[in-house]
Amino acid sequence: MQHRKRICGVGELAYVLGVVLCALGVCFSAKSGFGVSMVVAPAYVLHCKLEPILPFFSFGVAEYVLQGGLILLLCPFVGRFKKKYLLSFGTAVFYGVVLDLWRETFGTEVPAELWQRIFYCGLGACVTAFAIALLLRTYLPQQGYELVVKELSVRYGWAMGRVKWIYDMSSLAVAILLMLVLFGEFSLSMIGIGTLVLTVINTPLITGFGKLLDRFFAFTPFFPRFHGFFEKHFN
């Protein structure tokens, strides 16, 4: 049986594309008006409330401010501060800046036509899942959300899937609480049918895209010396 030759040395490229496409997927999900994923929902609620008062508090800024707070909160739970936490915050800032650039490019207005909203919702789900599949295959630091789940799982020996589920449900609860406190009502444009769709199809999509990527690419480092330095000093 003839094996397909895979393209090697794309580990760093997967990181860059993963962050850029993840921001694009979140941009599309927010633009659909059907709600964003539960993971980014708290940041989105804060952004929607604070941006009219503080114009600089964009969705991207809300994302890396919240992730920075999560990383700081993580430290007492794991009993130490690691240098790679700074790199994860750097990834969050990179993602936040790109997210704001995408929102400037595509606009933040929700389309009037229902088919357009459905299109943005579906496209956002697919692009985000593809981006996460890329990020799972790189050695470079992921964002604060993934860092918290991984570090707690390793520190206490908990199953990562269970920690991820608890974290997602906690994010949803926090977002709903923030919405009720800050707006006094429940808004389907922040947490709605799109949130439910993303919750149901996200993991199967990530798995499917991951298998497809592995057929064509071997995510080895393009810069082996940098990879060695990173593994030695930041893990």
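This is a predicted model: local features need pLDDT of at least 70, side-chain atom pairs count only at pLDDT 80 or more; totals for chains, interfaces and linings use all residues.

Colleague: Okay, let's start inside. How many residues does the largest nonpolar core have?

Modeller: The largest nonpolar core has 58 residues, and those with the most contacts inside it are Val40, Phe59, Leu74, Tyr85, Tyr95, Leu99 and Ile191.

Colleague: And which elements give two or more residues to this core?

Modeller: Two or more residues come from each of helix 1, helix 2, helix 3, helix 4, helix 5, helix 6, helix 7 and helix 8, and the largest share, 11 residues, is given by helix 1.

Colleague: You mentioned Phe59. What is Phe59 in contact with, leaving aside its neighbours within four places in sequence?

Modeller: With those neighbours set aside, Phe59 is in contact with Val26, Ala30, Val40, Ala43, Tyr44, His47, Leu99, Asp100 and Arg103. Two of these partners, Val40 and Leu99, are also named with Phe59 among the residues with the most contacts inside the core.

Colleague: Which residues of helix 3 are buried?

Modeller: The buried residues of helix 3 are Phe59, Gly60, Val61, Ala62, Glu63, Gln67, Gly68, Ile71, Leu74, Cys75 and Val78. As background for reading such a list, an α-helix has 3.6 residues a turn, so residues three or four places apart point the same way.

Colleague: What do those buried residues pack against?

Modeller: The buried residues of helix 3 pack against helix 1, helix 2 (41-50), helix 4 and helix 6. Just after helix 3 comes Gly79, which takes a positive phi of about 80 degrees.

Colleague: Changing topic to charges, how many salt bridges does the structure hold?

Modeller: The structure holds four salt bridges. In one of them the side chains of Lys82 and Glu151 meet, at 2.9 Å from N to O. Lys82 lies in the loop between helix 3 and helix 4 while Glu151 lies in helix 6, so this pair ties together parts that are 69 residues apart in sequence.

Colleague: Is Glu151 buried or exposed, and why?

Modeller: Glu151 counts as buried because its relative accessible area is 5%, and the cut-off for buried is under 20%. Lys82, at 23% relative accessibility, therefore counts as partly exposed.

Colleague: Which residues are linked with Glu151 in a network of salt bridges?

Modeller: Lys82 and Lys84 are linked with Glu151 in that network. The side chains of Lys84 and Glu151 meet at 3.0 Å, N to O. Lys84 is buried, with a relative accessible area of 14%.

Colleague: And where do Asp214 and Arg137 lie?

Modeller: Asp214 lies in helix 8 (residues 193-216) and Arg137 in the loop between helix 5 (114-135) and helix 6, so the pair ties together parts that are 77 residues apart in sequence. Their side chains meet in a salt bridge of 2.9 Å, N to O. Asp214 is partly exposed at 32% relative accessible area, and Arg137 is partly exposed at 22%.

Colleague: Last topic, the rings. How many aromatic pairs are there?

Modeller: The structure holds 17 aromatic pairs. Among them, Tyr15 and Phe94 form a tilted pair, 6.4 Å centre to centre with 40 degrees between the planes. This pair links distant parts of the chain, with Tyr15 in helix 1 (residues 11-32) and Phe94 in helix 4 (residues 83-106), 79 residues apart. Tyr15 counts as buried at 13% relative accessibility, whereas Phe94 counts as partly exposed at 28%.

Colleague: Which residues form one aromatic cluster?

Modeller: Phe28, Trp102, Phe106, Phe119 and Tyr120 form one aromatic cluster.

Colleague: And what sits over the ring of Phe34?

Modeller: The charged end of Arg117 sits over the ring of Phe34, 4.2 Å from its centre. Arg155 likewise lies over the face of Tyr156, at 4.9 Å from the ring centre.

Definitions and conventions
Residues are numbered from 1 along each chain as its sequence is written. Side-chain values use heavy atoms; hydrogens and water are left out. Rings of Phe, Tyr and Trp (its six-membered ring) pair if their centres lie within 6.5 Å; planes under 30 degrees apart count as stacked, over 60 as edge-to-face and the rest as tilted. Helices (H or I, at least four residues) and strands (E, at least two) are DSSP runs, numbered from the N terminus. Buried means under 20% relative accessible area, exposed over 50%, partly exposed in between (1.4 Å probe, protein chains only). A charge sits over a ring if NZ of Lys or CZ of Arg is within 6 Å of the ring centre and within 35 degrees of the ring normal. Contact means heavy atoms within 4.5 Å. A nonpolar core is a set of buried Ala, Val, Leu, Ile, Met, Phe, Trp, Tyr and Cys residues joined through side-chain atoms within 4.5 Å.
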